[in-house]
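Open the structure in your viewer and keep the selection panel at hand. Each stop below names what to select and then says what is there.

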Amino acid sequence: DGGGSMLNLAHCMLSRLINDGGQMNQSKCNELRKGIEPFLKETYENKQNVLIVAEDFDRVKIDFARLHFYVKPYSRIKVVTAYRRLHDWLPSWYNEIVKLYTVVYFKGEEEYPSLVQWMEEKYDQFKAVHAMAVAQRFRDAGIAESVEVLNMHDETEPNMLDNFFCNYVPGANMMCQAVREGQQPPKSNKGVDHEYDRVAVKASLLKKIPALDRYNPGRVGAAIKALAKERGLDDNLPSKCLNQTMLDDIFTSELSQEKEYFPKFFESQGGEEGLRQDFEKKKHKFCALDVNLIMERGTFDPIFEEMSKDWKF
């Protein structure tokens, strides 16, 4: 009933709200409290469960005492997180995060970071919001009766939604049945490569092409990529890759996590050798175009000149 701020429950659980990186201030969180307390009281009295889904519960500075207070009168709290290997999750998460800051990048207010830059600057912060670290914080907080981690990679287990609604959410019988009958989202949330978006933004800032607006870095980047491929200009482009120390840390972290939490899955996938093969197959994702060097060499200047004359920005 107009309580949209309830959707920001996780942000209101940050210790210092906006000062700790949240999106909600004190007055908005007071609105949430007015809405959520009677809602939870009513559902509790009706003997109903409440499912709260919020990616932002991964924040390091969640105030667990505050969270515990807000979800009263419920006392039986179950936490479920989803494990994805770091070498799959980090590139995907990067692609999701940077698209939120497109405006900042094309205005030149911040440099559009490559995945390599992004990780070299903040890798430890990113590991802290990975599923396994999040699950451990909830365990340490002691507010939940159980903290479970579902393995997104385990194809011997039921479909992720099937497993969640049929085995982890009490009383979700109709949802369980619907999922098993195929009533699921029509497509998964597939990440998009932003490498040529960075090329487009840099070219715009250097005035090699007309100024971009918030809606078209991806469109322009895709056009540059297509033209570069068509003309054979995308071969042997200068790039930078993540340093070996971090690559080793990603692999050893995955190795210890899967041995400890998913031993049957780990062995079924070929143990350490199976994990290493998957890692080696995908570690190219931890390389990025050296956009500054590409601009210095003028590799794509013929494309930029043509687009500036004939292309509608």
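The tour goes from disulfides to aromatic rings and then to nonpolar cores.

This is a predicted model, in which local features need pLDDT of at least 70 and side-chain atom pairs count only at pLDDT 80 or more, while totals for chains, interfaces and linings use all residues. Residues are numbered from 1 along each chain as its sequence is written, and side-chain values use heavy atoms, with hydrogens and water left out.

**Stop 1: disulfides**

The whole structure holds three disulfides (a disulfide is a pair of cysteine sulfur atoms within 2.5 Å). Select Cys12 and Cys29, whose sulfur atoms are 2.0 Å apart. Helices (H or I, at least four residues) and strands (E, at least two) are DSSP runs, numbered from the N terminus. Cys12 and Cys29 are both buried; buried means under 20% relative accessible area, exposed over 50%, and partly exposed in between (1.4 Å probe, protein chains only).

Next, select Cys241 and Cys287, a disulfide with its sulfur atoms 1.9 Å apart. The torsion about its S-S bond is about 105°, so the disulfide of Cys241 and Cys287 is right-handed. Cys241 is in strand 3 (residues 239-241) and Cys287 in strand 4 (residues 287-289), 46 residues apart. Cys241 is partly exposed, at 43% relative accessible area, and Cys287 is partly exposed at 30%.

**Stop 2: aromatic rings**

There are 17 aromatic pairs in the whole structure. Rings of Phe, Tyr and Trp (its six-membered ring) pair if their centres lie within 6.5 Å; planes under 30 degrees apart count as stacked, over 60 as edge-to-face and the rest as tilted. Select Phe64 and Phe138, an edge-to-face pair with centres 4.9 Å apart and 80° between the planes. Phe64 belongs to helix 3 (residues 64-70) and Phe138 to helix 7 (residues 131-141), 74 residues apart. Both Phe64 and Phe138 are buried.

**Stop 3: nonpolar cores**

A nonpolar core is a set of buried Ala, Val, Leu, Ile, Met, Phe, Trp, Tyr and Cys residues joined through side-chain atoms within 4.5 Å. The largest one has 47 residues, and Leu90, Met119 and Val199 are among those with the most contacts inside it. Helix 6 (residues 115-127) gives this core its largest share, six residues. Another core, apart from that one, has 30 residues, including Ile36, Leu40, Tyr74 and Ala135.
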